[in-house]
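I opened a new notebook page for this structure. I wanted to know how its parts pack together.

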Amino acid sequence: MLNILVVDDSLIIRKTLTAQLEKMGHKVIAQAKSGAEAIELYSTHQPDLVTMDISMPEMDGIVALQKIKTEYDAAKIIMVTSRGEEKLVMESLSIGARGYILKPITIEKLDATISKVYPEYKND
Amino acid sequence: MTNNEYVNIVLHSIKHEIIGFLQNDMLLTIQNISDMEGSLPETNRASIELNSHIKFTASISIDEELFDFLFKKFFTQKVEDSEKEELDELFPDEIINIVVGLAIRYFPRELGDFDLSIPFKLTGEKYQEMLKNNISKSLKISTNHGAFVYTVSYH
C-alpha cells in the first residue's frame with residue numbers, strides 16, 4: 001500500500017482519483033487544491049507518491065513539482081493533465097516527474113503509471 | 001483559411017475527443033452523429049473559451065440519461081446528499097475541460113497556442129446573443145445511454 005497525496009483544483013477529480021486509488025489498495029493521506037497547498041502537505045506527510053494536476057490556478061503543478069523536487073530530490077510525482085500539450089508534459093518530465101496520466105483517469109491508466117514508479121504494486 | 005473552416009476544424013477536433021471519451025473511456029456505443037440546428041439544450045450545460053490570436057467558445061449539453069450514466073462511472077463510491085448538488089453543478093465543467101483540453105493538440109499550428117478559460121455557465125440571453133453574433137456550429141452525438149450535444153462559436 002502506498003501513501004499518496006492527491007493534488008487537483010477540481011473537487012471531482014480529487015474525489016474520483018481518491019476512490020480509484022483506494023480501490024487499488026492505496027491510502028490517500030491528504031488532498032491539496034493548489035500547488036502551494038501541495039508543497040505544504042508534502043513536507044507534512046512525505047508521501048510515497050504524489051498525483052499532481054498540471055493546470056491549477058495560483059500555483060500550477062509544474063511550479064509545485066519544481067519546488068518539491070528542489071527540497072526533496074527523491075520525491076516521486078506523477079503528473080495529471082487534461083491538456084494535450086506535449087510541451088508541458090515534457091517540461092514536467094525534464095524537471096523530474098516520474099510519469100503522466102491524461103484525463104479522464106481510469107484505474108487501468110493509474111495502474112500502468114504507478115507500476116512504472118513502483119513495479120511491486122502492479123495490479124494483476 | 002475562412003472563419004467557417006476554422007470553426008469546422010475546432011468542431012471536428014473536439015468531436016474526435018468526445019468520441020474517444022465516450023467510447024474508449026466510458027465504454028459507450030456511439031449510435032449516431034448529426035448536425036444540430038437551433039440552440040443548445042439547457043440541460044447540464046458548460047462552456048469554455050479558447051483563446052489565441054483568435055477566440056472560440058465551446059459549449060456542451062449532456063442529456064439527463066447520459067449525465068446519470070457518466071456520473072455513476074466517475075463516482076463509483078457513494079456520494080453524500082450534501083455533496084450531490086455541488087458535484088452535479090461541477091460535473092459538466094469537468095467534462096468540457098477534459099474533452100476540449102485534449103482536442104487542442106489537433107488544432108493546426110497556424111491557429112497559435114491556445115489558453116483555456118475556466119469552465120463557466122453560459123445560459124439564457126448571453127448564450128443566444130453569442131449565437132447571434134458569431135459563426136456557430138453544433139453536433140449531436142447519440143449513444144446507447146443518451147446524447148451529448150456541443151456547439152463551437154468563432155468570435
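I began with what a contact is: two residues are in contact if their C-beta atoms, placed from the backbone, lie within 7 Å. I also noted that this is a predicted model.

**Entry 1: where the chains meet**

How many residues of chain B are in contact with chain A? I found 16 residues of chain B in contact with 15 residues of chain A. On the side of chain B that touches chain A, the elements giving two or more residues are H1 and H3 of chain B. H3(B) has the largest share of that side, eight residues. I sorted that side of chain B by class and got nine nonpolar, four polar and three charged residues.

**Entry 2: H1 and H3 of chain B**

I turned to how these two helices pack. H1(B) covers residues 3-25 and H3(B) covers residues 81-103. Their axes come within 8 Å and cross at roughly 125°. H1(B) is therefore oblique to H3(B). The crossing is right-handed.

Which residues make the contact? From H1(B) I listed B:Ser13, B:Ile14, B:His16, B:Glu17, B:Ile18 and B:Phe21. They meet B:Ile98, B:Val99, B:Val100, B:Leu102 and B:Ala103 of H3(B). The classes are eight nonpolar, two polar and one charged.

**Entry 3: the cores**

I looked next at the nonpolar cores. In soluble globular proteins, nonpolar side chains tend to be buried together. The largest nonpolar core here has 35 residues. Those with the most contacts inside this core are B:Ile14, B:Ala58, B:Ile95, B:Ile96, B:Val99, B:Val100 and B:Phe148. Six elements of chain B each supply at least two of its residues: H1, strand E2 (45-51), strand E3 (55-62), helix H2 (64-74), H3 and strand E6 (146-154). H3(B) gives the largest share of this core, eight residues.

I followed up B:Val99. Not counting residues up to four places away in sequence, B:Val99 touches B:Ile14, B:Glu17, B:Ile18 and B:Phe21. Another core, of 29 residues, lies apart from the largest one. Among its residues are A:Leu21, A:Tyr42, A:Val50 and A:Leu65.

**Entry 4: helices of chain A**

I checked H2(A), residues 35-45, against H3(A). They pack at an angle of about 25°, with their axes 8 Å apart. H2(A) is therefore roughly parallel to H3(A). Their crossing is right-handed. A:Gly35, A:Ala38, A:Ile39 and A:Tyr42 of H2(A) meet A:Gly61, A:Val63, A:Ala64, A:Lys67 and A:Ile68 of H3(A). That contact has six nonpolar, two polar and one charged residues.

Then I took H3(A), residues 61-71, with H4(A), residues 86-95. Their axes come within 10 Å and cross at roughly 5°. So H3(A) is roughly parallel to H4(A). H3(A) brings A:Ile62, A:Leu65, A:Gln66 and A:Lys69 to the contact, and H4(A) brings A:Leu88, A:Glu91, A:Ser92 and A:Ile95. I counted four nonpolar, two polar and two charged residues in this contact.

**Entry 5: two strand residues**

I looked up A:Gly99, which is in strand E5 (residues 99-102) of chain A. Beyond its neighbours within four places in sequence, A:Gly99 is in contact with A:Ile78, A:Thr113, A:Lys116 and A:Val117.

B:Leu116 is in strand E4 (residues 115-116) of chain B. B:Leu116 is partly exposed because 18 other C-beta atoms lie within 10 Å. Leaving aside neighbours within four places in sequence, B:Leu116 is in contact with B:Ile48, B:Leu50, B:Val100 and B:Gly101.

**Entry 6: backbone details**

Where is the loop that holds A:Pro104? A:Pro104 is in the loop between E5 and helix H5 (107-117) of chain A. The peptide bond from A:Lys103 to A:Pro104 is cis, with omega near 0°.

I also noted two positive phi angles in chain B. B:Leu27 is not a glycine, yet its phi is positive, about 55°. B:Leu27 sits in the loop between H1 and strand E1 (30-35) of chain B. With 9 C-beta neighbours inside 10 Å, B:Leu27 counts as exposed. B:Asn44, also not a glycine, has a positive phi of about 45°. B:Asn44 lies in the loop between E1 and E2 of chain B. B:Asn44 counts as buried, with 21 C-beta neighbours inside 10 Å.

Key. Residues numbered from 1 in each chain as written. Chains lettered and ligands numbered in written order. Predicted model: local features only at pLDDT ≥ 70, side-chain atom pairs only at ≥ 80, totals over all residues. Axes fitted to C-alpha atoms, helices over the stretch in contact; angles between N-to-C directions. Helix = DSSP H or I, 4+ residues; strand = E, 2+ residues; numbered from the N terminus. Parallel < 35°, antiparallel > 145°, perpendicular 65-115°, else oblique. Left-handed = near helix turned anticlockwise from the far one by under 90°. Nonpolar A, V, L, I, M, F, W, Y, C, P; charged D, E, K, R; others polar. Core = buried A, V, L, I, M, F, W, Y, C linked by C-beta atoms within 7 Å. Buried ≥ 20, exposed ≤ 12 C-beta atoms within 10 Å, placed from the backbone.
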